[in-house]
Amino acid sequence: MTKAATTDLLAALGRRTSDATAPASATPGQASTAGTPATPASAIGAFNVITLESAEAIAAGAETAGRPVIMQISENCVRYHGTLAPIARATLTIAAAASVPIAVHLDHATDLALVDEALELGFDSVMYDGAHLPYAENCATTAEVVRRAHRQGIGVEAELGEIGGKDGAHAPGVRTDPAEAVDFAAATSVDALAVAVGSSHAMLERTSRLDLDLIIRLAAAVPVPLVLHGSSGVPDGELERAIGAGMAKINVSTHLGSVFTGAVRETLAADPRLVDPRRYLAPGREAFAAEVARLLELFAEAPAPDPLAKPAHEA
Ligand SMILES: [Zn+2]
């Protein structure tokens, strides 16, 4: 049984976190159990589950890397399946059976009923996404989600400063204001905060440039771990720099979908007579798992943030 609390996995990164999320006993590597390295990772990967194969691939990749991982199910994924419970129960079962710590997280929920259902099903954390709401309303609704989740000891991620890209609506100019982020974290008691620093959801090319100076300022000011969304569009080197600047949880979905589909497409193209879905899903799952392992290593071994780092204009 190695299902893990998301807040424990984030606390194990050894970053500065709020008192609520980082008990005094939380030492780096504490959340690690079987087969995980004692050295703390610089950041943790959070990858989206869409099908049973993707959950299997994320667990297999994490086991290959010997690293903890977060599996996340988005509200969009629930819409695709029409219901949360079947894919959630499968994912929770796979997480519990893995040899490395795995947390299961609800990603981008805007529906409070879905949050409640995830809490009932035994998720390890939930993200409430109120970034589209006016600030005061985002604050109030997020605080309500935090109240419900914390009653069950479950952590909450929220978003401030809308990270665009879904439905084709790129919003590259949006940035999270550090002062507002500090205020928001205090007003809501969230356990992790997704911030807008230049990435955009659903990008097919890995060409994003991030506002690293803003990440340093946010990490210095905000007392909870920062989450990077839209990482699919960010190249490896820029992800390493973002982690070095202070990002703790790195969400990747579209890029892994592209790796999976690429392998499926290649397999189907090579044999027009192939009909057994297992014959093309297996190579997709294998490619997905290999990329998960590679990304977890990259995130874990990226240079850790320098606690004395100052934004460029203050250096
Ligand atoms: Zn996202």
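Author: Two packed helices are described by the angle between their axes and the distance between the axes. In this predicted model, local features need pLDDT of at least 70, side-chain atom pairs count only at pLDDT 80 or more, and totals for chains, interfaces and linings use all residues. Residues are numbered from 1 along each chain as its sequence is written.

Reader: How do helix 5 and helix 6 run relative to each other, roughly parallel or roughly antiparallel?

Author: Helices here are DSSP runs of H or I with at least four residues, strands are E runs of at least two, and both are numbered from the N terminus. Axes are lines fitted to C-alpha atoms, for helices over the stretch in contact, and angles run from 0 to 180 degrees between N-to-C directions. Under 35 degrees counts as roughly parallel, over 145 as roughly antiparallel, 65 to 115 as roughly perpendicular and the rest as oblique. The axes of helix 5 (residues 112–121) and helix 6 (residues 135–151) cross at roughly 15° and come within 10 Å, and the two helices are therefore roughly parallel.

Reader: Which residues make that contact?

Author: A contact means that two C-beta atoms, placed from the backbone, lie within 7 Å. Helix 5 contributes Leu112, Val115, Asp116 and Leu119, and helix 6 contributes Val145, Arg148 and Ala149. By class there are 5 nonpolar, no polar and 2 charged residues; Ala, Val, Leu, Ile, Met, Phe, Trp, Tyr, Cys and Pro count as nonpolar, Asp, Glu, Lys and Arg as charged, and the others, Gly among them, as polar.

Reader: How does the pair formed by helix 8 and helix 9 read?

Author: Their axes come within 8 Å and cross at roughly 30°, so helix 8 and helix 9 are roughly parallel to each other. Leu212, Ile215, Ile216 and Ala219 of helix 8 meet Arg241, Ala242 and Ala245 of helix 9. That contact has 6 nonpolar, no polar and 1 charged residues.

Reader: Which residues of helix 9 are buried, and why do they line one face?

Author: An α-helix has 3.6 residues a turn, so residues three or four places apart point the same way. Buried means 20 or more other C-beta atoms within 10 Å of the residue's own, exposed means 12 or fewer, and partly exposed lies in between. In helix 9 (residues 236–245), Leu239, Ala242, Ile243 and Ala245 are buried. Seen down the axis, they fall within an arc of 160°, taken from the directions from the helix axis to the C-beta atoms, so they line one face of the helix. They pack against helix 8 (212–221), strand 7 (226–228), strand 8 (247–252) and helix 11 (277–301). The face turned away from the buried side carries exposed Asp236 and Gly237. After helix 9 comes Gly246, with a positive phi near 135°.

Reader: What about loops: is Val49 buried or exposed?

Author: Val49 sits in the loop between strand 1 (44–48) and helix 2 (52–65), and counts as buried because 27 other C-beta atoms lie within 10 Å. Beyond four places in sequence, its contacts include Ile58, Met71 and Ile73.

Reader: How does Thr110 count?

Author: Thr110, in the loop between strand 3 (102–109) and helix 5, has 15 C-beta neighbours inside 10 Å, so it is partly exposed. Leaving aside neighbours within four places in sequence, Thr110 contacts Glu75 and Asp129.
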